[in-house]
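Open the model in your viewer and show the chain as a cartoon. This tour tells you what to select at each stop and what is there.

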Amino acid sequence: MNVWIAIGLTVVGCYAVKLAGLLVPAGALERPTVRRLAALLPVALLAALTAQQTFSTGSALVVDARAAGLAAAGLALLLRAPFLVVVAAAVLVTAGVRALGG
């Protein structure tokens, strides 16, 4: 039963957030600071999620094969490789490091 209460509260919370977004006046959304924040916030959130997924296991901080894969992806991006090549480089380097015992 507790799971259904949590699901119901989540549904109500999501609806409230969506409704709050619709109630924001258009003039507030046209401000330069808000526009800059809206442009940068997704990048910051994605970077934080990537760092958290790469360098943590449970509650511990780790550096393992995932970090090598992330470094390979970063290098491929610096070399302006296409997206599929970036993903392939990350996968291959991560698999290679794990195969070597890392």
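The stops below go from the whole chain to single residues.

**The whole chain**

Keep in mind that this is a predicted model. Starting at the N terminus, their order is α-α-α-β-β-α-α. The radius of gyration is 20 Å, well over the 13 Å that the globule rule gives for 102 residues, so the chain is more spread out than a compact globule. Turn the model around to see its extent: along the principal axes, the C-alpha trace spans about 55 × 45 × 25 Å.

Now show the surface. The chain exposes about 8,200 Å², and 76% of this comes from carbon and sulfur atoms. Of the 102 residues, 11% count as buried. Among contacts with a separation of 6 or more, 29% are between residues 24 or more positions apart.

**The nonpolar patch**

Which residues form a nonpolar patch on the surface? Select Met1, Val3, Trp4, Ile5, Ile7, Leu9 and Val11. Together they have about 820 Å² of accessible area. Stop at valine 11, which lies in helix H1, residues 2–23. Valine 11 counts as exposed because its relative accessibility is 52%, and the cut-off for exposed is over 50%.

**Threonine 54**

Next, select helix H3, residues 32–55, and find threonine 54 in it. Is threonine 54 buried or exposed? Threonine 54 is buried, because its relative accessible area is 8% and buried means under 20%. Display its side chain, which reaches the backbone oxygen of threonine 50 at 2.7 Å. Then select what lies around it: apart from neighbours within four places in sequence, threonine 54 is in contact with Val62, Asp64, Arg66, Ala67 and Leu70.

**The salt bridges**

Side chains of opposite charge can pair when their charged atoms come close. How many salt bridges does the structure hold? There are two.

Two of the contacts of threonine 54, Asp64 and Arg66, take you to one of them: the side chains of arginine 66 and aspartate 64 meet in a salt bridge, at 3.2 Å from N to O. Arginine 66 is partly exposed, with a relative accessible area of 22%. Aspartate 64 also counts as partly exposed, at 27% relative accessibility.

For another salt bridge, select arginine 35 and glutamate 30, where the closest N and O atoms are 3.0 Å apart. Glutamate 30 counts as exposed, with 53% relative accessibility.

**Arginine 80**

Move on to the loop between helix H4 (65–78) and H5, and select arginine 80. Most residues other than glycine have a negative phi. What is phi of arginine 80 near? The angle is near 60°, a positive value in a residue other than glycine. Arginine 80 counts as exposed, because its relative accessibility is 77%.

**Valine 97**

For the last stop, select helix H5, residues 83–99, and pick valine 97. Valine 97 counts as partly exposed, at 27% relative accessibility. Finish with a distance: draw a line from the C-alpha atom of valine 97 to that of proline 25. These two residues are 72 residues apart along the chain, and their C-alpha atoms are separated by 52 Å.

Key
Residues numbered from 1 in each chain as written. Predicted model: local features only at pLDDT ≥ 70, side-chain atom pairs only at ≥ 80, totals over all residues. Heavy atoms only, no water. Helix = DSSP H or I, 4+ residues; strand = E, 2+ residues; numbered from the N terminus. Buried < 20%, exposed > 50% of the residue type's maximum accessible area, 1.4 Å probe, protein only. Patch = residues over 30% accessible without salt bridge, like charges linked within 9 Å, V, L, I, M, F, W, Y side chains within 5 Å. Areas by Shrake-Rupley, 256 points an atom, 1.4 Å probe, with all protein chains shown as cover. Salt bridge = Lys/Arg side-chain N within 4 Å of Asp/Glu carboxyl O. Rg over C-alpha atoms; globule rule 2.2 N^0.38 Å. Contact = heavy atoms within 4.5 Å. Polar contact = N/O pair within 3.5 Å; in protein donor to acceptor, adjacent residues only side chain to side chain.
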